[in-house]
Amino acid sequence: MDSETALELVKHGATLLLLDVPQFTLFGVDTQMFSVGPLFKGVKMIPPGPHFVYYNSSNRHGNEFSPVVGFFINACPSEVLVCKWNQQEERLARLPEEEEERYSTAVRNLEFDRHLGPYSLSHYGDWKRISNYITKSTIERIEPIGGEISVSCESGVVDSVPQTAMEKALVEQLRNSKFSESAGRVNRRGCYYTLIPRVIKDKGIPGDKRTYLNLDKTQFLETILTKEYGGEEDLLLGELQFAFIAFLMGQSLEAFFQWKALIDLLFSCTEAPFSTRSQLFVKFIKVIYYQLKCGLQQDKKNHIGAVAGASVVLDDTWLCKDCFLHHLFKEFLSLVQEASVVDGDLLTWTRKLKELLENSLGWEFQQNSAVDGIYFEEGDEFAPVVVMSDEAA
């Protein structure tokens, strides 16, 4: 990059000025992570829009780390956000407005420029693909009081969530190793996620209908969309992305269970994917595809999680063949196979997700004509052949 282009990006991008952060602290923005050196004072050239900032404080040797603390920001062009390290609490804190303005002026005058690491624009595309439905209002609606997300404050929240035997073991493993030192932290209210019951138990509904509603959650999805999201499908997808990022980068167990609950809700709909909500499911499958691709890539690249305590990665511990996602996606594939009318884009992205799970995790799914036999090569592209009923045609 030539100096003139770099200067323009410095001026128009946002800047995170971080004062007095101890050496060896792990600091991340989106999919990028840094190990703090003696000259580090923040990150520059951050593109406008939503971002996730997270960090782990370290001991003086850089080989033991405290729990991740993370928070979302919505960066404006040329904005400067200033935080200072609180040594006693081992966390970043915002400065008083007047002091922040003084430092902001210094940043705009390039007085801190040589101490600021550049945001790597080559990784920005990966971030956009897993955050494209997150907006400023998404952040404001879901973030906890104070904005900070940390597993050290989640014990009461997580204990109230139904868990499988595997998930309980993972929770205990995480608490007893990386996070054991935080047990004395005072619990506080977590994120304001939408409540998604795993099982519909409304006593006012007859038993047979209640059973049907749990087998096909299409009607429940419509209720949630109307009541909680004002009918806006993208708001639901924004929450799905918020939860995944807080889980993957922020090590939040509460976020993992919300991510799981939303996936369970959508994959448990047998009618909606093939009706007027088909485009929601196209977008949903794309979101899950890029989330898993990002998480599994980070594991392979050894980028996030390269240093002990850096972040959670999606490996076969979280995504084993007996996990919730395997069972739900297997059922969804059967639905696609049996459907008489399927949206072409839904078929395309279902196939891509299937291939990703098979190639990256070694999952096996029964071959079927609906998912595996609908593509033919057309140059370098794959074009779907959509089989429709006579009535639909």
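Two strands are taken to pair if DSSP finds at least two bridges between them. Strands (E, at least two residues) and helices (H or I, at least four) are DSSP runs numbered from the N terminus. The structure is a predicted model, in which local features need pLDDT of at least 70 and side-chain atom pairs count only at pLDDT 80 or more, whereas totals for chains, interfaces and linings use all residues. Residues are numbered from 1 along each chain as its sequence is written, and side-chain values use heavy atoms, with hydrogens and water left out.

The predictor's confidence in each residue is given as pLDDT, from 0 to 100. The chain has an average pLDDT of 80, and 73% of the residues score at least 70.

An open sheet of five strands was identified, with mixed pairing and the order β8-β7-β1-β4-β9. The edges are formed by β8 (91-94) and β9 (117-118); each has a single partner strand, so one side of each is left without a neighbour in the sheet. Strand β1 (residues 14-19) is joined to β7 (residues 80-86) by five bridges in a parallel arrangement, with L19 opposite K84 of β7. Towards β4 (residues 42-46), β1 runs antiparallel and forms three bridges; here L16 stands opposite V43. Strand β4 in turn pairs with β9 in the parallel sense over two bridges, and P118 of β9 is the bridge partner of K44.

Strand β1 is mostly covered, six of its six residues being buried. Buried denotes under 20% relative accessible area, exposed over 50%, and partly exposed the range in between (1.4 Å probe, protein chains only). In a regular strand the side chains alternate between the two faces of the sheet. In β1, A14, L16 and L18 point one way and T15, L17 and L19 the other, and all are buried. The loop between β1 and β2 (26-29) contains T25. This residue is buried, at a relative accessible area of 1%. Beyond its neighbours within four places in sequence, T25 is in contact with F34, S35, V36, Y55, N56, S57 and S58.

Nonpolar cores were defined as sets of buried Ala, Val, Leu, Ile, Met, Phe, Trp, Tyr and Cys residues joined through side-chain atoms within 4.5 Å. In soluble globular proteins, nonpolar side chains tend to be buried together. The largest core has 97 residues, and those with the most contacts inside it are F27, L221, W259, I263, F281 and F284. When neighbours within four places in sequence are left aside, F284 is in contact with L237, L240, I263, L266 and F267. Another core, of 10 residues, lies apart from it and includes L19, V80, Y103 and V107.

Helix α9 (residues 233-248) has 16 residues and reaches 23 Å from its first C-alpha to its last, close to the 22 Å expected at 1.5 Å a residue; the expected span is 1.5 Å times one less than the number of residues. Of the 16 residues of α9, 14 are buried, so the helix is largely enclosed by the rest of the structure.

Disulfides, defined as pairs of cysteine sulfur atoms within 2.5 Å, came to a count of zero. Among the cysteines, C269 is buried, with a relative accessible area of 0%, and C323 also counts as buried, at 2% relative accessibility.

Key
Contact means heavy atoms within 4.5 Å.
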